[in-house]
Amino acid sequence: MDTKHKPQVVIVGAGFGGLQAAGKLDKSLVDIVLIDRKNHHTFQPLLYQVATAGLSPGEIAAPIRWIVRHRRNVEVLLGEVQGFDLDRRLVKLQDMEVPYDYLIVAAGATHAYFGHDDWEPFAPGLKTIEDALEIRRRVLLAFELAERQAASGEGEVRLNFVIVGGGPTGVELAGTLAEISRRVLADEFRSIDPKSTRIVLLEGGPRILPTYPEDLSRSAEEQLKHLGVEVRTSALVTSIEPASVHIGETRLPAAVTLWAAGIAASPLGKTLGAPTDRAGRVLVNPDLSVPGHPEIFVIGDLASLKDKNGKMVPGVAPAAMQEGVATARNIERELRGEPREGFHYFNKGNLATIGRAAAIAEFGRLHISGFLAWLAWLFIHIFFLIGFRNRIIVLIQWAWSYLTYERGARLITGDERLPGWAELQAKKDSAA
Ligand SMILES: Cc1cc2nc3c(=O)[nH]c(=O)nc-3n(C[C@H](O)[C@H](O)[C@H](O)COP(=O)(O)OP(=O)(O)OC[C@H]3O[C@@H](n4cnc5c(N)ncnc54)[C@H](O)[C@@H]3O)c2cc1C
């Protein structure tokens, strides 16, 4: 039996980056403590499907303990990391401290409201399973409340859903909500016409999906319009209130407002004492270590790094995963007495889904739109889902809802109040 003390690697965050690092580190070289405030890993690219009732939470999330069950050198701890003692090399949780020889911080990012945190109660963002369930609740409840009002003879409300932010998340939410109102719910209500629901996507910049080439942005906008989404670009939101969104002097009524506009890195980044960028991401060295602390690495959405071509490594799952692998390799190299290597991001392509059979894809110079791009998106995303069972179930669900337009996870759970509904009734005005 090997009784030698192995270096302890503490990984904060079992997202895409943290899990890869834990999975790749050689068990004969290190012991690992993997800490997360949730007991599950969430496959964020499919969160919008939970938010729009296409999939259930268990289909896109898996218990962390189960994922690493065969890795005997990995201890999983459930807990929220509150900070670090860098001198004593300790990770601080509320009621315990965990020592490390190497630390990998992979705590990701969350949504930001550009200094307007008071908008959050009226415009939830999408980052966790809880967020997705809250969005699902609000969307489904809006239809129910409108039906009840119309059935009681109080007059029909025309539902407006406003999505703020024309990045990938805003686009997929808008496209899927349009599909739900135009197709899924179309025949299920007797007093309202779900097809008349107005879906508005607001983007502050001149075009949606700004990180994609212009031709694909244009195509995405056309595909959204085809699905029935009203796209407004150069529309800077100036305030969000219960039941309305303001763009300067223009007021848009909104039964449900969703936020998909801003990203802020985990506050843990700032506690490392290293320089950060405007979004709070840690400016890491080329090997992903923190300046002045070669034993600490920051990876994934929390890290800010330019690749060898001077382009920012994007905040996407493949980048976080590649950084997790690179960090594991560098720790192993160092333990074997070899020099570390700089990180290079390999971009295999970018895909964004818009709705049923609608997507865009960029593979180098090859740009694809529509059904083929959607198929590529579908298979790539299902392939990366954790767990064989999940992949099969999701594929079957998808095939079923493709053929039947059914969305099986249409459960309203929790509170039956919709923030802003009373205000919407009081104003009773139609769209601006
Ligand atoms: C709605 C949505 C859709 C997306 N779609 C795509 C897509 O289609 N394709 C794509 O490539 N990327 C997509 N992304 C981005 C992708 O999910 C991220 O780039 C990726 O998750 C980053 O990985 P990470 O390991 O840095 O962080 P995460 O995967 O976010 O993991 C961070 C982990 O840290 C834990 N954590 C955070 N703070 C603490 C703390 N204080 N203590 C303990 N644990 C903590 C969290 O619980 C979480 O498990 C999407 C993101 C969102 C939100």
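These notes cover a surface patch, a pocket and the cavities of a predicted model.

1. **Surface patch.** Ile380, Phe383 and Phe384 make up a nonpolar patch on the surface. Together they have about 290 Å² of accessible area.

2. **Phe384.** This residue sits in the loop between helix H9 (371–383) and helix H10 (388–404). Phe384 counts as partly exposed because its relative accessibility is 38%, and that class lies between under 20% for buried and over 50% for exposed.

3. **Second largest pocket: volume and centre.** This pocket holds about 420 Å³ of space. Its lining has 19 residues. Those nearest the centre are Leu19, Gln20, Ile67, Met321 and Ile386.

4. **Second largest pocket: make-up of the lining.** Helix H1 (16–24) and helix H4 (64–67) each supply at least two lining residues. H1 gives the most, with 6 residues. By class, the pocket lining has 11 nonpolar, 4 polar and 4 charged residues.

5. **Cavities.** How many cavities of 30 Å³ or more does a search of the whole structure find? The search gives 4. The largest cavity has a volume of about 70 Å³.

6. **Largest cavity: lining.** The largest cavity is lined by 13 residues. Gly300, Ala303, Val313, Pro314 and Glu323 lie nearest its centre. Strand S22 (303–304) and helix H8 (317–335) are the elements that give two or more residues to this lining. The largest share comes from H8, with 3 residues. The lining of the largest cavity divides into 7 nonpolar, 3 polar and 3 charged residues.

Key: Residues numbered from 1 in each chain as written. Predicted model: local features only at pLDDT ≥ 70, side-chain atom pairs only at ≥ 80, totals over all residues. Heavy atoms only, no water. Patch = residues over 30% accessible without salt bridge, like charges linked within 9 Å, V, L, I, M, F, W, Y side chains within 5 Å. Areas by Shrake-Rupley, 256 points an atom, 1.4 Å probe, with all protein chains shown as cover. Salt bridge = Lys/Arg side-chain N within 4 Å of Asp/Glu carboxyl O. Helix = DSSP H or I, 4+ residues; strand = E, 2+ residues; numbered from the N terminus. Buried < 20%, exposed > 50% of the residue type's maximum accessible area, 1.4 Å probe, protein only. 1 Å grid on protein atoms, 1.4 Å probe; cavity = no way out; pocket = protein on both sides within 12 Å on 5 of 7 lines; lining within 4 Å. Points joined across faces, edges and corners; volume = space filled by probe spheres on them. Nonpolar A, V, L, I, M, F, W, Y, C, P; charged D, E, K, R; others polar.
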